[in-house]
Structure formats: structure tokens, C-alpha cells
Amino acid sequence: MPNAQSGFFEWVFFFVKTYGTLFLQGAGTTLLIALTGTIVGFIIGLGVGYVRAMPCEREDGAGRYVLLKIVRTILGVYIEIFRSTPMIVQAMVIFYGMASVFHINLPHLLAGFVIVSINTGAYLSEIVRGGIQSVDPGQQEAALAIGMTYGQSMLNVVLPQAIRNILPALGNEFVINIKDTSVLNVISVTELFFVSKSAAGTYFKYFEVFFITSCVYFVMTFTVTRLLRWLEKKMDGPDNYAIHGSQSVPDVELIGRGGERID
Amino acid sequence: MIDNKAERIIEVRHLSKSFGDHEVLRDVDFSVRKGQVVSIIGSSGSGKSTLLRCMNLLEKPSGGEVLYHGKSIRGEGFNLQMYRAHVGMVFQQFNLFANMTALENCVVGQMKVLKRSRTEAENTAMEYLCKVGMDVYVKAKPRQLSGGQKQRVAIARALSMNPDVLLFDEPTSALDPEMVGEVLAVMKDLASSGLTMLVVTHEMGFARDVCDRVVFMDGGVIVESNTPEVIFTNPEQPRTREFLARILEN
């Protein structure tokens, strides 16, 4: 163990050596919560955004109209509440609220999943709704005009385009979640921040430990950002397309931007 | 030649449509018979496109009815999806599904609406893509095609559903002048093959040479409906004469 005269890097080295596995486990938990929270939040967002973007006219039937209005109001309240309060407060209210009102002691990790998911869901609902609105209305009209139902037109035509359009925002939300899961340390989820705080507290070496912690966060978010960029490119498909072999145009060949022949 | 004995496919009766206080269509009455090619002409804002959009319920009419083979399309138990599958629509802005290739554009409706198998749907799609001369571009996404090419794919998409009648909503208005020809050529070809067509257009040449009947609309009403010979050489109504004089001058 380094002593009082030891320098910065000696301490850093010491913490990496002694707490390395613990840091990695904390980082793993952080990634797991952020990933699950973003995916579940995205599913919530898709559902809520879909319902909020649905056309709703009185003449479609009074029962349906009223039901949709009520569901929409509830969803609107959900979005407003979760967007207007900090996640750190939501974590406290949900975790301790469940315990004192319903006498349910949520496992810490499960509570973390739930909180991040519904918080992300509230943000992504609005992003999905915006994504749906960003798709040219003509796309849906064309789908309806060949006989698709509203649901089919959404599933096959509108949502794939909406999701592609919101992919950057979705990636943003994932990156934010990786960092914001740190607030879950208030309900003792053993994610990266919690682990760091414990290690630092033991030796009163906050700068050294959190220097390591910030490196770990950076590596995680940077890697995720790159992966998402790659995914966006992949979803867009190649810039060039192959011309289908045809007897009418036998000798067509396309040259890609790099000069290579495309088959 | 107008075959007055042929079965009426679509009948529009006393159709009206208002957007708020603004009346766009007033008591419009007309019908399309099997094998007819009818064009609707008139200045912008005369209600032509709204009429077409009311016919497949992309707009809800405010009054009157549309009959398909004698049945009201807003009646109880009328299958709107199958009706729309049988009444194709070609849009001014093409509206090709941006997330799909040219082939997928022509396949998806057949599979989802007509429940055809993929093989059958692809064969049908290829047949019509060949017909419009777009078979070599099956793998292209809409953003990789020119306006004229997009519109030809859009026509193939509509044809792939094997419609009874095809509605064209100003199919060449969004095209560069040099691309208008390739789309009109495809439409002429379709007309001569016996397809029933209803075409909202500003292409007077097409209305005159290809159509069986020309409907002139102004201010939300049908002013005159007659054969192209009468409309273009000796129209009965002064408003028709004015419109044609104005548009043919340019």
C-alpha cells in the first residue's frame, strides 16, 4: 500500500490493482442498467408515442374516442411527471415509497432497472412521437391507399422510418443513461459510482479514485457512441445499388465512389 | 368512343366537401365506366385533387356518396381496405416508401393486403416493373432514383395490386420537363391496354389525345363533361373556353 508521501500515479496504480475487478463489476452493472433501461424505455416510448400520435376523431365511434382520450391523458401525466422531476428524486420516492407504503422491499438492482426504464420511457415517448411526425404524411397516405390498415401502415412504413430518424436521439439517451445511472448510488445500487465512492472513502483518496472512474465512464460512452454511429450507417444501406441483370440492358455496370465495380 | 353500356365502376353522387367554412366541392356527380380513361382538368384550387382523394377516402366527404360497383364505400360492412386495394392511386409526390427498395415497394401491399405469397408477389411486381421499364432498378431505394423513375415505380406499385381502376393525382406536376415524357408514355401505354383510369392533370395533350372523356372543374363544381373533341374544339361553357384559352396560350 502506498503511504502519505506516495505520488498520484502510485495511488492510481494501487487502486487499479486492488479494486480493478470491483471497478469492472461496477461498470458492468452500470452498462447493464443503462442498456436494459434504454431498451425497455424505448419499448415504452414506442407504445406511448404510437398511442399519442394516433388520429382520433369523434366520428370513429364515441366509445373509442373517449377511451383514447382517457388513455392519452394518463400517458400525458406520466410523461410530464417523469420529465419534470430529477431521476435521483424519482429513485428515492419509488424505492422508499414501495417500502413504506406497500411494504415491498425491491431488490436494489431491480429498482434501478425499473427507475431508469420508466424515466427513459417518458423522454423517448416524446422523441418517438416527434419521429412519427417527422415522416412525410404522404408515406402513410400511400400505404393506406394500397389498402393497408392504419396499424399495417405504421408497422411497415412509418415506424421503420421514424425509428431511423430518431436513432441519434436514442443513442444520446443511452449515453446519458450510462452516466446518469450514477444517481442510483442513493438507493445503494452497486454501479460504478457506488463502487468508486466506497473505495475512495476507505482511503480518503477521492481524486485518484474518481480519475479512474471518469476514465472508465469515458471509455464506455465513447465505445457506445461509435457503435451506434456504425449501426446508423448499416441501417442506411449502401450508397450505391446494384442494377438487376436484365436482357434489355445487358452491359450495365455500376462503379462505386471508390472506383470499385459493384455487382 | 364512349361505351355507355359498360359497367359503372365508380359513381360519385352529390359529393360535397368542406374544410371548415371553405367549400371545396359542391354537389359533384359523375361516374367512371369500365375501360374508360377520364381526365379531370381545371385550374389549381378547383377541387380536382380533393375529389380524387375523396374517392378513396383519404379525405372524408362532407356529403353525398361514392359507389363502388353500386355499393356505398362508407356503408356498413364495406371493406375499405379491399376497396382501396382495387382502386390504385398514383400521387403527385410519388410517395414511394422510402425505407424499401423499388421491388419491396411493389411487393409489400400484395403480401400484407392481398395476402399473396412472396414468390407470387415478386413475380407480379417484376411483371409490372418491366412494363414501366424499371426492372433493372429493382434493388434501388427511392432516394437513388430520379423523379420520373420514382413515378414509374409508383405506377408499377399501384398496378401490382391488379386494380380495377387507377386514380392519378397530377402524376407529372412534380417532374422536371424532360421527365414528363417518360411518365406520360407509360400512362398512354396503360390507357391503350384497356385499364380504367381517372387522371387529374394539367397535361392538355394527354387529356386531348388519350382520354375518352374530359371533365372540366371550376370552383368545386363540374362545369362541363364531354368528349375531348367537344371540350377542346367547341366547348359549351364560356368558363371552359376561358380556361382552355388561358392554358393553351402558355
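A word on conventions before we start. Residues are numbered from 1 along each chain as its sequence is written, and chains are lettered from A and ligands numbered from 1 in the order in which they are written. Because the model is predicted, local features need pLDDT of at least 70 and side-chain atom pairs count only at pLDDT 80 or more, while totals for chains, interfaces and linings use all residues; side-chain values use heavy atoms, with hydrogens and water left out.

Let's begin at the interface. Chain B puts 34 residues in contact with 31 residues of chain A, contact being heavy atoms within 4.5 Å. Between them the two chains bury about 2,600 Å², with 55% of it on carbon and sulfur atoms. That buried area is the accessible area (1.4 Å probe) that two parts lose on being put together, summed over both. On the chain B side, B:Phe97, B:Val136 and B:Gln144 lose the most area to chain A, together 21% of what that side buries.

How many salt bridges are there between chain B and chain A? The count is 1, and the partners are B:Arg53 and A:Glu141, at 2.6 Å from N to O. The rule here is a side-chain nitrogen of Lys or Arg within 4 Å of a carboxyl oxygen of Asp or Glu.

As for the make-up of the chain B side that touches chain A, its residues divide into 17 nonpolar, 6 polar and 11 charged. For that tally, Ala, Val, Leu, Ile, Met, Phe, Trp, Tyr, Cys and Pro are nonpolar, Asp, Glu, Lys and Arg are charged, and the others, Gly among them, are polar.

Now please find B:Glu170, in the loop between β7 (165-169) and α6 (177-192) of chain B. Helices (H or I, at least four residues) and strands (E, at least two) are DSSP runs, numbered from the N terminus. B:Glu170 is buried yet has no salt bridge, and the nearest side chain of opposite charge, B:Lys48, is 4.0 Å away. Lys and Arg count as positive and Asp and Glu as negative; His and the chain ends are not counted.

Last stop: A:Asn177, in helix α6 (residues 150-180) of chain A. Why does A:Asn177 count as buried? Because its relative accessibility is 2%, and buried means under 20% relative accessible area, exposed over 50%, partly exposed in between (1.4 Å probe, protein chains only). Setting aside neighbours within four places in sequence, A:Asn177 contacts A:Ala34, A:Gly37, A:Thr38, A:Val116 and A:Thr120.
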